[in-house]
There are 2 protein chains.
Amino acid sequence: MAPPPSTAVSPLVSLIVRILTFACLLISAIILIANTYTQSFQDVDITIKFNDFYSYRYLLSTTVIGLAYTLLQSALTTFLVSTGNRIGGEGMLQFDFYGDKVISYLLATGVAASFGMTLDLKASLSGGSSGVDKFMSKAEAATSLCLLGFLFTAISSIFSAFSLPKRV
Amino acid sequence: MAPPPSTAVSPLVSLIVRILTFACLLISAIILIANTYTQSFQDVDITIKFNDFYSYRYLLSTTVIGLAYTLLQSALTTFLVSTGNRIGGEGMLQFDFYGDKVISYLLATGVAASFGMTLDLKASLSGGSSGVDKFMSKAEAATSLCLLGFLFTAISSIFSAFSLPKRV
């Protein structure tokens, strides 16, 4: 009988972390997309959305890429948990390792760009209307959830490094 | 005779990557600190520095932490290259792994916060004076160098994951 696929962490734990990542990123994306703010200037309504800001657009891009990747990994891990076989064999461990690394860096930069911009924009808008404040707070909530998603991906990244086949 | 310390990548290559990281981060910090912009408003000179922006302050903090960590790692790796012994033994491999991970995430967030803020600030200041533009461009140069430093740290982080003792 062939030995079980080498992995330092139980696949079930990996799967739970993936599902938590997916949930955080999904809610983050929904909050970000649904967030709008309308202000009237002399009978003209001006609506501000997340895509009026480069940083929020970047945050949404990284979140969507993270969602797609996490969905794929969840499916692969579900298959591993239910059948005990790893699709793609040992080569897949390398894909997990580099994938987790790249996706976690992407999410970290999305979160940081968004937080950095929000903080400095808030500082420059001090004394602004409460509507803008509410818009910013919702964007911060979405960013915080994406931060949680990043932390879970960082944990997955540690797991996948432990599972790497030894090269020496 | 004891076997040589297990490492998948030559210590000399690690050392070169560390030194490149250090150089990028050092120049980045110097450009960021030296960057000022003075404008006269009705006989009053107003000087803008990096520490007037949360994002640039955060970028400098992450760069300084990265510099301290890279200096320590360079010293340890120099010792390993010159004597063939690893200070701290195998336990140090774990320190390298988690250290590289945390520091590379820190640098990534510093770079992203700074780029995100600069982009959105530039968009909102379109048509501003050329002095502000120059200030922003220098800040972008510092951020780009820090981005290079981050990429080198990410490479170190891949090396340290490969060098991890196998846990299975």
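In the predicted model, Arg18(A) and Asp100(A) form a salt bridge through their side chains, with an N to O distance of 3.1 Å. The two residues belong to distant parts of the chain, being 82 residues apart: Arg18(A) is located in helix α1 (residues 11-34) of chain A, and Asp100(A) in helix α3 (residues 91-124) of chain A. Both Arg18(A) and Asp100(A) are buried.

A salt bridge also joins the side chains of Glu140(A) and Lys122(A), with 3.1 Å from N to O. This pair likewise links distant parts of the chain, with Glu140(A) in helix α4 (residues 130-162) of chain A and Lys122(A) in helix α3 of chain A, 18 residues apart. Lys122(A) has a relative accessibility of 29% and therefore counts as partly exposed, since this class lies between the limits of under 20% for buried and over 50% for exposed.

In chain B, the side chains of Asp96(B) and Arg86(B) meet in a salt bridge at 3.9 Å, N to O. Because Asp96(B) lies in helix α3 (residues 91-124) of chain B and Arg86(B) in the loop between α2 (54-83) and α3 of chain B, the contact ties together parts that are 10 residues apart in sequence. Asp96(B) is classed as buried because its relative accessibility is 10%. Arg86(B), with a relative accessible area of 18%, is buried as well; the value falls in this class because buried means under 20% relative accessible area.

Over all chains, the count comes to 6 salt bridges, among them Arg18(A) with Asp100(A), Glu140(A) with Lys122(A), and Asp96(B) with Arg86(B).

Note on methods: Residues are numbered from 1 along each chain as its sequence is written. Chains are lettered from A and ligands numbered from 1 in the order in which they are written. This is a predicted model: local features need pLDDT of at least 70, side-chain atom pairs count only at pLDDT 80 or more; totals for chains, interfaces and linings use all residues. Side-chain values use heavy atoms; hydrogens and water are left out. A salt bridge is a side-chain nitrogen of Lys or Arg within 4 Å of a carboxyl oxygen of Asp or Glu. Helices (H or I, at least four residues) and strands (E, at least two) are DSSP runs, numbered from the N terminus. Buried means under 20% relative accessible area, exposed over 50%, partly exposed in between (1.4 Å probe, protein chains only).
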